[in-house]
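Welcome! Here is a short tour of one protein model, from its domains down to its packing.

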Amino acid sequence: MADLAEVRGLAERLISHHLPGQGWQFGFDRARRRGGVCIYQTRRIQLSRALAEVWAIEQCEQVVLHEIAHALAGAAAGHGVRWRAQADRIGCRRETLSDGGVAERDAPIVGVCPNGHQFFRYRMPSGPRTCSRCHRGFDLRYQITWARR
Ligand SMILES: [Zn+2]
Ligand SMILES: [Zn+2]
């Protein structure tokens, strides 16, 4: 359980350290299906308020570093070699994060789609979820099956 004021302070320090004088700003948003986002057009790095509330501060830090690496590498880099180089340089551990931003090693709930893509959650999803990697948007052909491990 992270304190949101503490998360904000940490994120702002990390951003001013790694992206000095470039106008990048931090904010919380209402997202629930992903943890962090890097918005290049408006130079904002945002964290899900709902997820930040349940994460440990170290996990918030990792997600902010992940997004800072995106800001450094540029939108075209994706999660490719340029992004990975920046992530390594700034201390992002590059753990597999699900679209909920949940780190693989911590999550008690594992989901798998018909094509074998894995997803990680702290809580059992309440309704059906479908694979965002197989298909953008909800599509029951790609329904995820969840199990507690
Ligand atoms: Zn990313
Ligand atoms: Zn899939």
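## Domains

Domain bounds here are taken from an automatic or database domain assignment. That assignment gives domain 1 (4–90) and domain 2 (109–148). Taken over C-alpha atoms, the centres of domain 1 and domain 2 are separated by 25 Å.

This is a predicted model: local features need pLDDT of at least 70, side-chain atom pairs count only at pLDDT 80 or more, and totals for chains, interfaces and linings use all residues. Side-chain values use heavy atoms, with hydrogens and water left out.

## Helix α1

Helices (H or I, at least four residues) and strands (E, at least two) are DSSP runs, numbered from the N terminus. Helix α1 covers residues 4–18. Leu4, Val7, Leu10, Ala11, Leu14, Ile15 and His18 are buried in α1 (under 20% relative accessible area; exposed is over 50%, partly exposed in between, with a 1.4 Å probe and protein chains only). They span an arc of only 130 degrees around the axis, so they sit on the same side of α1; the arc is that of the directions from the helix axis to the C-beta atoms.

The face turned away from that buried side carries the exposed Ala5, Arg13 and His17.

## Nonpolar cores

A nonpolar core is a set of buried Ala, Val, Leu, Ile, Met, Phe, Trp, Tyr and Cys residues joined through side-chain atoms within 4.5 Å. The largest has 30 residues, and Phe26, Ile45, Leu47 and Ile68 have the most contacts inside it. α3 gives the most to this core, with 8 residues.

Apart from it lies another core of 7 residues, among them Ile109, Cys131, Tyr142 and Ile144.

Definitions and conventions
Residues numbered from 1 in each chain as written. Chains lettered and ligands numbered in written order. Expected span 1.5 Å × (residues − 1).
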